[in-house]
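Okay, everyone, thanks for coming. Let me put the sequence and the model up, and then I'll walk you through a few spots.

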Number of protein chains: 2
Amino acid sequence: MAAHMSERGPGAALASRWADDSYDSLVAGDWLVPANGRGLVLFTAKFELVVSRLNTAITEISPSGVAGPLWCPPVMARSDIERADYDQAFPHLLGDVNAMVQEGGREGVAGDSASSRTVLVPVVCYHIYPQLADRVVERPAHFDLAGHCYRHEATTEVGRLRSFRVRDFVLVAGEAEAWRWRDEWITSGAEFYARLGLKVSVQPASDPFFGPADRLSRRSQLEQQLKYEFVADLGDGGTGMAIGSANCHKDHQGSRFGIRYRDEGAAHSACVGFGLERIALALIRTHGDDLASWPAFA
Amino acid sequence: MAAHMSERGPGAALASRWADDSYDSLVAGDWLVPANGRGLVLFTAKFELVVSRLNTAITEISPSGVAGPLWCPPVMARSDIERADYDQAFPHLLGDVNAMVQEGGREGVAGDSASSRTVLVPVVCYHIYPQLADRVVERPAHFDLAGHCYRHEATTEVGRLRSFRVRDFVLVAGEAEAWRWRDEWITSGAEFYARLGLKVSVQPASDPFFGPADRLSRRSQLEQQLKYEFVADLGDGGTGMAIGSANCHKDHQGSRFGIRYRDEGAAHSACVGFGLERIALALIRTHGDDLASWPAFA
């Protein structure tokens with residue numbers, strides 16, 4: 001999953017004193033403006049300068065060979081989500097887009113509100129598997145993606161945004177290569193965050209991207225070491241904030257989307273997600289409100 | 001409205017031969033990748049380089065005094081939309097976000113799908129009025145916004161994206177100033193597009209942002225000259241593509257959101273919208289697939 005935060009047990013990863021604060025200090029620092037919706041904020045030009053530099057820095061470590069990500073819209077076909085079983089695993093987090101069905105094609109005529117077969121994107125790497133669906137991948141395929149995610153989160157502390165942006169590197173390949181690539185990213189991801197001046201620890205985590213039929217698999221995710229999170233120490237004595245993750249999906253996506261790797265059966269996949277707002281928030285917490293005094297990282 | 005395309009009668013503004021083509025030539029030019037959802041595409045790094053340059057060029061002509069836009073999420077509180085009466089005027093275009101209601105707060109327990117009181121943003125400048133709601137504005141207030149819009153469009157020809165990005169300058173002020181500012185933008189907007197190398201004509205247009213109770217007002221929008229569109233000639237003998245607009249809202253938003261201007265009653269507002277994908281598409285159509293050969297504009 002492109003999930004840069006775990007869907008399960010994420011409370012712990014946000015249990016910093018800062019997270020319990022209001023947004024006041026971030027507003028005072030000219031970083032963001034709260035909006036009316038729960039977990040929704042507007043970002044200032046100053047905040048976006050950080051996001052822009054961050055994207056540039058991430059592009060420099062991209063393994064895709066392309067100078068920048070594929071930019072994905074915040075919505076996608078519901079059929080793609082259903083094929084990934086996300087709607088079964090996380091019905092409470094998924095934003096389903098409903099629209100008024102037009103009667104007789106006439107504008108302005110009220111009809112019934114119904115699912116538009118469109119959903120808010122929950123996980124950025126879901127944009128890729130439909131592109132490869134029902135195909136044979138002959139060599140390791142690298143992708144660099146960026147886009148908005150939406151999670152219908154129940155809480156709204158700082159960092160727990162309902163709408164947030166993720167940069168995501170994805171590999172679709174064979175089993176050994178997917179594991180090796182993910183394991184290498186545990187190291188190089190930590191190095192990347194260190195270069196940004198962040199104190200990050202790598203922690204095993206779980207997010208149940210297996211469907212309900214796979215509860216046993218889900219429970220064993222920790223044991224299988226499928227997911228590691230990069231957790232930033234915010235220097236407040238709290239347990240830190242998850243700002244990114246490195247994930248093995250095994251052949252889950254390959255099986256669901258009919259993607260095969262050579263003659264080896266269902267393709268394996270792995271991804272490394274960067275939570276852009278959360279990394280920016282960790283940088284702000286670490287380096288302060290005066291952007292001019294920050295160490296250069298891009 | 002930040003609407004960069006008119007909601008009513010937009011068919012005409014897209015009646016170019018190119019618009020009837022498939023996306024094939026844009027895919028071949030490495031500009032975009034079609035996705036499964038209707039009217040949804042992914043944008044390549046090459047396309048995004050154009051969008052990025054475009055945003056830089058627009059920042060240079062921003063009247064807000066801030067070096068870059070406020071970045072808005074693709075979703076917002078439904079209450080804000082309802083206050084603007086958009087849900088009444090355009091129920092068929094509005095994307096309402098539904099989510100599973102959790103029973104007893106337990107994760108993974110299926111409940112009923114219900115409106116989350118969140119909607120996909122239909123018009124970027126709607127982010128601003130709630131910020132000013134029930135307040136008195138003492139001097140002309142300039143804003144520079146960027147964000148995603150969603151319209152549940154019935155057709156999906158090239159340029160008719162369901163999810164698209166808009167850069168939007170907004171002024172909240174007195175009546176005379178709002179009109180003058182909008183009228184000046186008709187000139188300076190046309191000059192801006194000419195600098196990009198686009199052949200643009202300014203055309204009176206209508207979009208019914210008045211509610212159903214204001215059908216007469218709506219009908220007279222053309223006569224009142226509230227909306228002008230910048231229509232790019234795509235050189236194909238067609239009627240061109242609307243890539244931006246300059247709009248007077250009169251005191252519609254001020255009245256709905258309880259925004260007053262000094263002691264003059266409900267504030268007036270105006271906005272100038274830049275349809276980022278459509279401008280990029282017009283640039284591609286005009287300057288071709290080789291980005292290195294394009295005239296510099298940022």
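Quick term to start: I call two residues in contact if their C-beta atoms, placed from the backbone, lie within 7 Å. Also, this is a predicted model, where local features need pLDDT of at least 70, side-chain atom pairs count only at pLDDT 80 or more, and totals for chains, interfaces and linings use all residues. Residues are numbered from 1 along each chain as its sequence is written, with chains lettered from A and ligands numbered from 1 in the order in which they are written.

So, the interface. 48 residues of chain A are in contact with 48 residues of chain B. On the chain A side, the largest share, five residues, comes from strand β5, residues 96–100. Strands here are DSSP E runs of at least two residues, helices H or I runs of at least four, numbered from the N terminus.

What joins β5(A) to strand β5 of chain B? Three bridges, and the two strands run antiparallel; pairing takes at least two bridges found by DSSP. In that pairing, A:N98 stands opposite B:D96.

Now over to helix α12 of chain B, residues 276–287. Ten of its twelve residues are buried, so the helix is largely enclosed by the rest of the structure. Buried means 20 or more other C-beta atoms within 10 Å of a residue's own, again placed from the backbone; 12 or fewer is exposed, and in between is partly exposed. The buried ones include B:L276, B:E277 and B:R278. Just after the helix, B:G288 takes a positive phi of about 90 degrees.

Definitions and conventions
The expected span of a helix is 1.5 Å times one less than its number of residues.
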